[in-house]
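This briefing covers a two-chain model. The sequence and structure come first, and the notes by topic follow.

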Amino acid sequence: MSTLLTAEEARKLLDAAINGNLPDERGRFGPFGGRYVSETLVPAFDRLEAGVKEHLHSSSFKAELQKELREWVGRPTALSFAPRLSEAWGAEVWIKREDLAHTGAHKINNAIGQALLAKRIGAKRVIAETGAGQHGVASAAACARVGLPCRVFMGAVDMERQAPNVDRIRRLGAEVIAVETGDKTLRAAIDEAMREWVTDPDGIYYLLGSAVGAHPYPYLVRELQSVIGAEARQQMLDQAGGLPDAAFACVGGGSNAIGLFYPLIGDDIELIGVEAGGIGDGLGENAATLATGTPGVLQGSYTIILQDDDGQVQETQSISAGLDYSGVGPEHALLQATGRVKYISARDNEALEALEELCAMEGMLTALETSHAFAAAREYAKQNPGKRILIGNSGRGDKDMPTLTKYPARIR
Amino acid sequence: MSAHEKICSAISAANDSGRTALVPFITAGYPEPKDFITTLKSVASVGDVVEIGIPFSDPMADGMTIQRSSFVALQKGVSLKWIFDELDSVRGEIEAPLVMMSYLNPLLAFGYEALADRALGAGVYGFIVPDLPYEECAELRAALEARGLGLIQLVTPATPEDRLKILCDASRGFVYAVTITGITGGSELPIDLADYLTKVASHSTIPVCAGFGIREAKDVAAVGQYVAGAIVGSALVEVLESGEDPKPFLEALT
């Protein structure tokens, strides 16, 4: 299975992406994507795909979702001009405020959409995985809202570093299952959720939180998160008087990034995804999947993954639980292969510095995940003075206080 | 006779002698890589076909026992290449046909053509790939079948009847009938097994072997009423884990 695209293939696939023709009917984004799942789950995926086809773009579903996004999530979220950062960086900086969405991150856009879908396709209960806990919180809240029981799988390592979210998930009525297997982070939580799903493929709805996994998840999550980019695009035109020169988003599995980028891929905008550079460039020292990974199959999808020569998936390291993942959504793999989106990384310390700067200059405590995007944008502004920059602020940083208290604030 | 037909005939031979065929599963190199061949020979002296598990970092279809064995084997350096080297070293010494159970990614990393070449040379006649559904399997299947090797399809109680037929037709070696909706290592067989296994057997022209949740002689006897063979995985891995000789355990099963 070759993944190196010729220039001609890349151009055709990018056109197809821009024209809304990807994924294809087999769930492929060019060579990437697909559906690599156990036989027990094939009928469940078929049902899910049929449900997505029937409901996602139906007028009654759209009306119901719109109402929830407006009245419960609090959309549209603001686009904030950042005057002091702009001055400090020598750029024009605009911030798309997903931190202002209900439950504090973009994850709610997807969670409420899928919870409504779960209800429509007759699921009896919902399961979800979570890394940073934001998707767990969003799933718990969305399930409470639509009246479905919810069980959240969370790695034991993540439960410790994102303790405030564990309590929030429980208070929102969901059950939290500590995952002690594998790497005890997001990847192990997804494995464990899949193991639960096969025990009752008819009754369970798996509310996957990122644009990863087997078809139709990468598509479904992108469609539900594209509200970020669609709103931001219009807001830039209205408030800034034009589109940005460059847009930045952090990338773990890549749901907020695909949500911001997808509505912008047909525009003349530099798109830059920022992965977790962790503590160094060595295998296992970071979660920079697209920067250093190779093609393979992980958790249902043919995509770029961090693996050794034997095809064993490698553990990752990042200060941010939400980016600490060995794979990435297949559409990002395609956008990288076509050259449309550039993927770079920021290290733990750079993210921490960016977080402190944003707090001090604009009064926003952003999530550690999101801070990676700010770190990369600051570097870009340095190299490219005078540009108009849009940054996807995917979530707020309150959940990171247990981690942040280990690092004394350097900016006073 | 092609390689995958040798799997069928080994199972049929057991049935002809009045037994349910036994397909033991071991995680390669577990608990100690140095004991792999000894364990394999011991298991193959009782088993009609032996299933060798390739350890993987994300064993999504497996319960705690096989996850744990997989993790330990990886820690001790077991890889697909090492497994083939070990098997080559005892070529011709093991009579039972071997099949490999592997998640897709280690096979992708190895390369399908190289995989099929090495497998044929090492006496591995079939592959079971739990995260490779029929719709995605064409490429691997073609590489295997070009050498007469078989891609064994799994069917489950959740598989609809029209799909069951397609999977049974596509399967080579045997049809792997998963007894439960769940992961490996379950503690008991479902009570409505008869209808399901009878249905699978009626669709298949090659032997059907049942797996998941088979731990004791009564389980082997239960599935043996309806299908040709029984696959014993987690229960055997537990025996290996305790350091006991697997032979008496397997002999007591049929």
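How many residues of chain B are in contact with chain A? The number is 31, and they meet 30 residues of chain A; two residues are in contact if their C-beta atoms, placed from the backbone, lie within 7 Å. This is a predicted model, in which local features need pLDDT of at least 70, side-chain atom pairs count only at pLDDT 80 or more, and totals for chains, interfaces and linings use all residues. Residues are numbered from 1 along each chain as its sequence is written, and chains are lettered from A and ligands numbered from 1 in the order in which they are written.

- On the side of chain B that touches chain A, the elements giving two or more residues are helix H3 (64-75), helix H5 (104-110) and strand E6 (154-155) of chain B. Helices (H or I, at least four residues) and strands (E, at least two) are DSSP runs, numbered from the N terminus.
- H5(B) gives the most to this side, with 5 residues.
- By class, this side of chain B has 18 nonpolar, 8 polar and 5 charged residues. Ala, Val, Leu, Ile, Met, Phe, Trp, Tyr, Cys and Pro count as nonpolar, Asp, Glu, Lys and Arg as charged, and the others, Gly among them, as polar.

**Chain B**

- Chain B has 12 helices and 9 strands.
- The radius of gyration of chain B is 16 Å, close to the 18 Å that the globule rule gives for 254 residues, so chain B is as compact as a globular protein of that length. The radius is taken over C-alpha atoms, and the globule rule is 2.2 Å times the number of residues to the power 0.38.
- Along the principal axes, the C-alpha atoms of chain B fill a box of roughly 45 × 40 × 35 Å.
- Of the 254 residues of chain B, 59% are buried. A residue is buried if 20 or more other C-beta atoms lie within 10 Å of its own, exposed if 12 or fewer, and partly exposed in between, with C-beta atoms placed from the backbone.
- Among the contacts in chain B with a separation of 6 or more, 76% are between residues 24 or more positions apart.
- An open sheet of 9 strands in chain B has the order E5-E4-E3-E2-E1-E9-E8-E7-E6, with parallel pairing. Two strands pair if DSSP finds at least two bridges between them.
- The edge strands of this sheet are E5 (150-152) and E6 of chain B, each pairing on one side only.
- Strands E2 (residues 50-53) and E3 (residues 98-101) of chain B run parallel and are joined by 4 bridges. B:Ile52 stands opposite B:Met100 in E3(B).

**Domains of chain A**

- Chain A is divided into domain 1 (29-69 + 107-222) and domain 2 (74-105 + 225-404); the bounds come from an automatic or database domain assignment.
- The C-alpha centres of the two domains lie 22 Å apart.
- Between the domains, 41 residues of domain 1 are in contact with 43 residues of domain 2.
- The side of domain 1 that touches domain 2 has 20 nonpolar, 14 polar and 7 charged residues.

**Covered elements of chain A**

- Strand E6 (residues 150-155) of chain A has 6 of its 6 residues buried. A:Cys150, A:Val152 and A:Met154 point one way, while A:Arg151, A:Phe153 and A:Gly155 point the other way.
- Strand E5 (residues 125-130) of chain A pairs with E6(A) in the parallel sense over 5 bridges, and A:Ala128 stands opposite A:Val152.
- In helix H16 (residues 368-383) of chain A, 13 of 16 residues are buried.
- A:Ile389, in strand E14 (residues 388-393) of chain A, is buried with 25 other C-beta atoms within 10 Å. The residues that A:Ile389 touches include A:Trp94, A:Phe248 and A:Ala377, not counting residues up to four places away in sequence.

**Backbone geometry in chain A**

- A cis peptide bond joins A:Leu22 and A:Pro23, with omega about 5°. A:Pro23 lies in the loop between helix H1 (7-18) and strand E1 (28-29) of chain A.
- The bond from A:His215 to A:Pro216 is also cis, with omega near 15°.
- A:Thr103 is not a glycine but has a positive phi of about 70°; A:Thr103 counts as buried, with 25 C-beta neighbours inside 10 Å.
- A:Lys184 has a positive phi near 60° and is partly exposed, with 19 other C-beta atoms within 10 Å.
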